[in-house]
Protein chains: 2
Amino acid sequence: MTVGIFLDLASLPWKISALMSKSYNVAIVGATGAVGVEMIKTLEKRSFPVKSLKLLASAKSVGKKLPFRGEQLSVEELKESAFKGVEIALFSAGATRSREFAAAAKKAGAVMIDNSSAFRMAQDVPLVVPEINAADIKTHQGIIANPNCTAIIMLMALYPLYRVSRIRRVIVSTYQATSGAGAKAMEELQTQTKAFLSGKSVQPEVFPHPIAFNLFSHNTAIMENGYNDEENKVVNESRKILHDAEIRIAPTCIRVPILRAHAESIAVEFEKRVTVERARAVLAKSPGVRLVDDRSKNYFPMPIEASGQDDVLVGRIREDLSNPNGLCLFVAGDQLLKGAALNAVQIAEKL
Amino acid sequence: MTVGIFLDLASLPWKISALMSKSYNVAIVGATGAVGVEMIKTLEKRSFPVKSLKLLASAKSVGKKLPFRGEQLSVEELKESAFKGVEIALFSAGATRSREFAAAAKKAGAVMIDNSSAFRMAQDVPLVVPEINAADIKTHQGIIANPNCTAIIMLMALYPLYRVSRIRRVIVSTYQATSGAGAKAMEELQTQTKAFLSGKSVQPEVFPHPIAFNLFSHNTAIMENGYNDEENKVVNESRKILHDAEIRIAPTCIRVPILRAHAESIAVEFEKRVTVERARAVLAKSPGVRLVDDRSKNYFPMPIEASGQDDVLVGRIREDLSNPNGLCLFVAGDQLLKGAALNAVQIAEKL
């Protein structure tokens, strides 16, 4: 009985929103992936006005069922004809798939919200964190890109401060969860850890190095400048999102044995001095951010508390001991939610 | 048979050294702790000229046996009279014990090499990393302090570069292993992880927060300046070791679910530009450092490879994208060895 009542209440909001406003035919490309699954949940949780939901994935996932609003939806094969009638296509199946099916989505008249890196730096593609540059959405030509997860989580903490004083320089070291490399990588962390604890040998498959009780430089190729692909994304995408080509950023991206929330240690240099008190006050009232900054209890942002949360946790706000115009902070945000699925759905909401 | 021959060969070096040079009555205070155990192993491995070895610990460990050069030595109770005849006392039982028994060690005529933070910043106590400031040892008044593990590991990578150009500023974010909080903390990481993987609830005991698949700001009290005790140690001890009160350091110390090697992401600003090539060449020939810096194979320092190693691994050396006079690097070093036991024994060797 109790369960029945609870379900009814939970499904009310979308029923109301469906009655009140236009609703859309939505497709999720890569629906069975770690981000895809969160996209389905996020559409439901935020009562996005979905008229129909099409779950698309590769042939091997066809027939698999995933829950949405109390129903079990079947996964269909990702092919060009699948986009017929789709108005909003949320892509999260990797850059190759995004490039392959962008034209089909466009031809069908769908707006593509792409979680991959395929089009992020293209001039005619807005790259959007809704709390920061929602206005860019209206310049879209059929594709809107969802930024890199590490960049989103960092900028959620920095943008409210950027509005107080322009930021000149950022030095960021990350503690990135395995979810960023997909569901298989999350599984590998658990399987390897079990093996290690039973004294068995550990064989890396998804990652190039063991991840159980280990950490390593981010597993993307190192570019000419000595920075890996992930780090270069943080630099270039942050500049594009902030509309500031001059901001200097030095990132070090590290993969750690964590399941699904990224943490980041950030040293930021402002044009004008920003006090700790001011930073706290500004962040405390910023949407999408939660201040977790209790020095007396030694209580600051942690991945386990950021997991499953929409908000990016920000804390350890203190003066940079090495720079009078600097602050240091520590953040944690769910890589699958604000770092991916939630941000994509928020873009769809703003459309 | 093979085993017999192997043991004979292994015990040869100390027999030779005992014949060739003076040997010493050594005591280890805190012999059953994570660092204490490594001190015993390190004395043996490095063929330190030990005449007698006394293992001291709290009453509850008395009678426990630990191996040294093929013998089983019994743990004795730590009390003032235990220092009689001791010439070198390696302390690693926490700052309280060090303060409590320093006078007894001194009265017995022993030189105290203290791994705790008790005397590190005292004016008449040299704070020594032998590769950096071995000369300071001769100023000792009976106590020589072993620096904080995070500071040692960082300075092993930075000092060779400091000699090329003075360092003005360091921003460091750490990835610190559980071993820094002792053997029980290492056990807690494993027990909690097992519990988590079996779907059981996780109850933190040693650490204030769960450590299984989680990370958090270092579990030491936050001081007035917003930095925790560990971070302030990194700042103050680095200045003392480098004899440079002006170097500016902003550390962020984070505990990660790793067993026994600390990693650190370091951005360093020089007085004069130091190229990546120069830094690599200098570090490649620095004692106690191993260059692990293969961009094409994405192969850089990792805690699992630093564990059990004497050398501090240094890599990911690249220009700081945000500063023309800066370099970024990533290091990993065994917290129990170079971060503690090895450095202490090296100090004893230099005495």
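User: Before we start, which conventions apply to the model and its numbering?

Analyst: This is a predicted model, in which local features need pLDDT of at least 70 and side-chain atom pairs count only at pLDDT 80 or more, while totals for chains, interfaces and linings use all residues. Residues are numbered from 1 along each chain as its sequence is written, chains are lettered from A and ligands numbered from 1 in the order in which they are written, and side-chain values use heavy atoms, with hydrogens and water left out.

User: How should I read phi, and what is the value at A:His243?

Analyst: Most residues other than glycine have a negative phi. A:His243 is not a glycine, yet its phi is positive, at about 55 degrees. A:His243 sits in the loop between helix H7 (229–242) and strand S10 (248–252) of chain A, where helices (H or I, at least four residues) and strands (E, at least two) are DSSP runs numbered from the N terminus.

User: Are A:His243 and B:Asn298 buried or exposed?

Analyst: Buried means under 20% relative accessible area, exposed over 50%, and partly exposed in between, with a 1.4 Å probe and protein chains only. A:His243 counts as exposed because its relative accessibility is 58%, whereas B:Asn298 counts as buried at 12%. B:Asn298 also has a positive phi, near 50 degrees, and lies in the loop between strand S13 (289–291) and helix H9 (303–306) of chain B.

User: What area is buried between chain B and chain A?

Analyst: The size of an interface is often given as the accessible area lost when the parts come together. Here the buried area (the accessible area, 1.4 Å probe, that two parts lose on being put together, summed over both) is about 5100 Å², of which carbon and sulfur atoms give 61%. In terms of contact (heavy atoms within 4.5 Å), 60 residues of chain B meet 60 residues of chain A.

User: How many salt bridges cross the interface of chain B and chain A?

Analyst: A salt bridge is a side-chain nitrogen of Lys or Arg within 4 Å of a carboxyl oxygen of Asp or Glu, and across the interface of chain B and chain A the rule finds 8. One of them joins B:Arg316 to A:Glu231, with the closest N and O atoms 2.5 Å apart. On the side of chain B that touches chain A, helix H6 (residues 183–197) gives the most, with 6 residues.

User: How many disulfides does the structure hold?

Analyst: A disulfide is a covalent bond between the sulfur atoms of two cysteines. With the criterion that the two cysteine sulfur atoms be within 2.5 Å, the structure holds 0 disulfides over all chains. For A:Cys149, the nearest cysteine sulfur, that of A:Cys253, is 8.8 Å away, and A:Cys149 is buried, with a relative accessible area of 11%.

User: Where in the chain are A:Glu38 and A:Arg260, which form a salt bridge?

Analyst: The side chains of A:Glu38 and A:Arg260 meet at 3.1 Å, N to O. A:Glu38 is in helix H2 (residues 34–45) and A:Arg260 in the loop between strand S11 (254–255) and strand S12 (261–270) of chain A, so that the pair links distant parts of the chain, 222 residues apart.
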